[in-house]
Amino acid sequence: MSDLLWQKAGVETNAKIMKFLAGDDVLLDREFFLNDIAASKAHVEGLANIGVVSAGEMQDLKRELDALAEDFRAGRFVLDERYEDGHSAIEARLTDRLGDAGRRVHTGRSRNDQILVATRLWLKDKLAVLETHCRAIAEVCLQRASQPAIPLPGYTHLQRAVVSSTAMWFAGFAEGFIDNAWRARQTAAWIDANPLGTAAGYGVNLPLDRAHTTQVLGFSRMQISPIYAQLSRGKFEMAVMEALSSAMLDARRLAWDLSLFTTAEFNFVSLPAEYTTGSSIMPNKRNPDVVELLRASYATVAASRCEIEQLLSLPSGYQRDLQFSKGSLFHGVTHGLAALELMPDLLARMQWNESAMRAAIEPAMYATDVAIEQAAAGVPFRDAYRAAAQAATAAGQGRTPEVSLAARTSPGAGSELLLDVLKQRLAELSRS
């Protein structure tokens, strides 16, 4: 391991203790490394603005930071166990290339606000990806909801209830993922605050140009209080995990539907072959493993959020416990986004089995229609309800799923899906 930033003369380090302290930190920092470099460039500019580094030193430092970023992307620089973390790797590289100028780069900065700003930039990027995936899922759902509706049994308590349709099914998930996209957008706006320049949580005795770093790094506002900057670590990460969890909840319920619909007992849906796998022992099997892992993926995201929340049983100020939040954050966000990325193609190419769905619509599923019609004709609804219940098996006489859906005129239902309104909400994401 390279020289420790905090090493003091006469103090020895223990290899086992250092290994425990480091954990997977340096490996996880690979994910945030380019954001750390970008923040370091902004910090160097801010130091030049207040005269801590000269204009020439600023140019040299920025040049070397750009070179480090390029070497990292190309694999010529590897962040590994030689370094305590990504922050020390940046400083070691700059010091090796530029001597005293490299040693000045950390002036007015702590590793506390360094990881805060790098993580904050990373979170903003990931929320943009989350919004993109949710919009793509919603777009596919709206496209398929716009196609001719195929009758589909509607269920409550997993029992056949009323006539529904493929258009209603897709419209429901379209609206859900439009909301999820908006939530990602709103969460991004909420966390869009620059913590760089708050140091270890109490500021420094330098007039740091925090307005400059806020503008250069693309933040909409400065996170003013150094104490709140520390309090927000974990809190902001949880907000991102909650936005992701919202999308994964809808993904889980959609995957549950597909898990049921692809069984031989339902036989409503066929999946593209590449979204299924074979059995290691049963030659006849094709298993919907992708759908099942989509269903399970909410648990991974929720567990990551829970771990971060449990780490936050802390007093104010920085505590080393927070180091463990990086692994939870990276694992949860990366897995959740990978799951959502698969969904648009899956939804675009899944096929409905119309004959099986029609066969599953039984006469009693029209009983609600009968009760509502009688109530509309003036019969008290509870009386109409009892009469329809007694004659449920005959309720479907002379009725078809298409007629039932056409008569469903309440906004959002069978013949009034209001897809144009949903399309407008989705389009507003692009305009705003």
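**Notebook: hairpin, helix pair, domains**

I started at the hairpin that β1 and β2 make: two residues sit between the strands, and turn residue H157 has a positive phi of about 55°. This is a predicted model, where I take local features at pLDDT of at least 70 and side-chain atom pairs at pLDDT 80 or more, while totals for chains, interfaces and linings use all residues. Residues are numbered from 1 along each chain as its sequence is written, and side-chain values use heavy atoms, without hydrogens or water.

Next I looked up the pairing: β1 (residues 151–156) and β2 (residues 159–165) run antiparallel, joined by six bridges. P151 has S165 as its bridge partner in β2. Strands pair here if DSSP finds at least two bridges between them; strands (E, at least two residues) and helices (H or I, at least four) are DSSP runs, numbered from the N terminus.

Then the helices. I found α7 (residues 166–190) packing on α10 (residues 235–261) at about 170°, axes 9 Å apart. So α7 is roughly antiparallel to α10 (angles over 145 degrees count as that; axes are lines fitted to C-alpha atoms over the stretch in contact, with angles from 0 to 180 degrees between N-to-C directions).

Last, the domains, whose bounds come from an automatic or database assignment: domain 1 is 15–107, domain 2 is 112–205 + 224–360 and domain 3 is 363–417. I noted 14 residues of domain 1 in contact with 15 of domain 2 (heavy atoms within 4.5 Å).

Technical notes
Angles under 35 degrees count as roughly parallel, over 145 as roughly antiparallel, 65 to 115 as roughly perpendicular and the rest as oblique.
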